[in-house]
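I opened my notebook to look up a few side chains and their surroundings. Entries follow in the order I took them.

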Amino acid sequence: MTEGAVEAGSACRASACEKNRPLTRLPLRHRLSSKVLLLTIFSVLVAEVLIFVPSVASMRMRWLTARLDTVAAASIVLADSESPVVPRSVQDSVLLATGTKAIALREKGASRLLAMSEMPQKIDQHIDLAHTSEAAAIWDAFDTLFTGGDRTLRVYGPIGNSGKIIELVTSDAPLRRAMLQYARNVAVLSLVISLIAASLVYLAINELLLRPVRRMHRNMINFAHAPDDPTRIIIPDDRKDELGVAQRQLAAIQTDLQRTFSEQKHLADLGLAVSKINHDMRNILASAQLMSDHLADAKDPVVQRFAPKLIRTLNRAISYAESVIAYGRAQEAPPKRRRVALHTIITDVEETLAIEPESGIEFRNLVPQDFEMDADAEQFFRVLTNLCRNAVQAMAADRPGDESVVKRLTVTAGRVGSVAIIGIEDTGPGLPQKARDNLFTAFRGSTRSDGTGLGLAIAHELVRAHGGGIELREDRSCGTHFEIRIPDMPVSLANWRRQKEATEADKSA
């Protein structure tokens, strides 16, 4: 990766982070705590209103019932008087004490007027306290509260179980004043209860929910400012609920993100260093190429035999160095697919590996010499070289000097329909579990403690560029078996069916 690319990438990341970075301190109206507090107060007030509506209706019915009971007590005294006509002074005293305009008593179908100050011109509302529904009581209560004050009411109801019915005529002005006073008292009490209840609910929600959420919010902002700082990772609370699980998940995500960030930075630094090294290495290899060209004119038969291979190897090394330099500016070049003989490519791989006879490693090229496939010869050479070199290094490090251990690397190839299948199998110790868990991941999927894992990552990328896939086969009890599948040759449906029928016939035979 070049310096310009690194700086450009850093600038893009910085501008993106700055654009998407949340506010450190939210305005009061946008805070979750403010919304929860207002919602709690509103909910308690709604509950108080729902309680206030029937309570006002009940208060009105109690007021009328109390007034009727008071009048009933006085009416019994008046009715038991020996005089058939109650004196006017007594009537006025009873009417003034009870706050009524007229009092009548009905018994056995007959009605008797006990007291009356003046006969009202009309009765605005008749109220039967014994047969008033709750809905009617609520409606009448709010009707009196909002539009009453100048109406005349006729209220009647039974006196205990005596069978007598007491009636009174009164103004609704005292009733409305009493209801307004009651409503004010209930409103003030409801407001106080709402504030106390809302505060208690808010404190509980703040302790159980809002405080951990604010802590996670501040931590995410602080972590975004410096994701490479290990002290910015959140320390989860010892909670068993959903927030505890969320905090632990956030800590795990931040840890993984920090590790990934560190690896990416390491890759960027490594890419810059590799680009500089390859720039100088390319110049050195170019000088070696010029000197090797003179070897082709030598008369020594040994030199004549090895000079072409040396020149081809130097050309390939120069090409690799240029590819590494170009990698910092763009992705891997797309494969230039041609019809190639796989057996010849594997022979070049074997010569490049230069396996020492003392290592006891046997290289078997079991690919048929007439096996052809569509692929980029250079890129496929790199794929096979990386896989075979890993296998040779693993077997060379496994029990050196023990001649009883079989060390064999086998390369095979075949075709199933339009897919070419290449197998690379060794009898080594196999991949460790860590390498299996991070297969094809640079710097994490290495098969050796001192490796980088770049070989498998490069092989995976080049195979994917060919439209194929590479996988580690798990059907071997020992050793390592990689299988590469490259779709390169479309076949007709008729030929595929004939091949399938022939295969099935061979199996049945």
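I started with Glu-483. Its relative accessibility is 8%, so I logged Glu-483 as buried, since buried means under 20%. The model is predicted, and I keep that in mind throughout.

Next I looked for the partner of Glu-483. I found a salt bridge to the side chain of Arg-473, with N to O at 2.6 Å. The pair links distant parts of the chain, 10 residues apart: Glu-483 sits in strand 12 (residues 480-487), and Arg-473 in the loop between strand 11 (469-472) and strand 12. Arg-473 counts as partly exposed because its relative accessibility is 28%.

I then searched the whole structure for salt bridges and got 17. One of them joins Glu-362 and Arg-364 at 2.9 Å, N to O. I noted Glu-362 as partly exposed at 35%, and Arg-364 as partly exposed at 32%. Another joins Asp-238 and Lys-240 at 3.9 Å, N to O. Both Asp-238 and Lys-240 are exposed. I also traced a network of salt bridges through Arg-339, Glu-372, Asp-374, Arg-415 and Asp-488.

I moved to Gln-258, in helix 6 (residues 242-293). Gln-258 is buried, because its relative accessibility is 14%. A polar atom of its side chain lies 3.0 Å from the backbone oxygen of Asp-229. I listed residues that Gln-258 touches, among them Phe-223, Pro-227 and Ile-233.

Last, I checked the surface. Val-188, Val-192, Ile-196, Leu-200 and Leu-203 make a nonpolar patch of about 480 Å². Leu-203 belongs to helix 5 (residues 173-225). I logged Leu-203 as exposed because its relative accessibility is 53%.

How values were computed: Residues are numbered from 1 along each chain as its sequence is written. This is a predicted model: local features need pLDDT of at least 70, side-chain atom pairs count only at pLDDT 80 or more; totals for chains, interfaces and linings use all residues. Side-chain values use heavy atoms; hydrogens and water are left out. Patches are made of residues with over 30% relative accessible area and no salt bridge: like charges are joined within 9 Å, nonpolar side chains (Val, Leu, Ile, Met, Phe, Trp, Tyr) within 5 Å. Accessible areas come from the Shrake-Rupley method with a 1.4 Å probe; for residues, only the protein chains shown count as cover. A salt bridge is a side-chain nitrogen of Lys or Arg within 4 Å of a carboxyl oxygen of Asp or Glu. Helices (H or I, at least four residues) and strands (E, at least two) are DSSP runs, numbered from the N terminus. Buried means under 20% relative accessible area, exposed over 50%, partly exposed in between (1.4 Å probe, protein chains only). A polar contact is a pair of N or O atoms within 3.5 Å; within protein, one must be able to donate a hydrogen and the other to accept it, and residues adjacent in sequence count only if both atoms are side-chain atoms. Contact means heavy atoms within 4.5 Å. Lists of a residue's contacts leave out its neighbours within four places in sequence.
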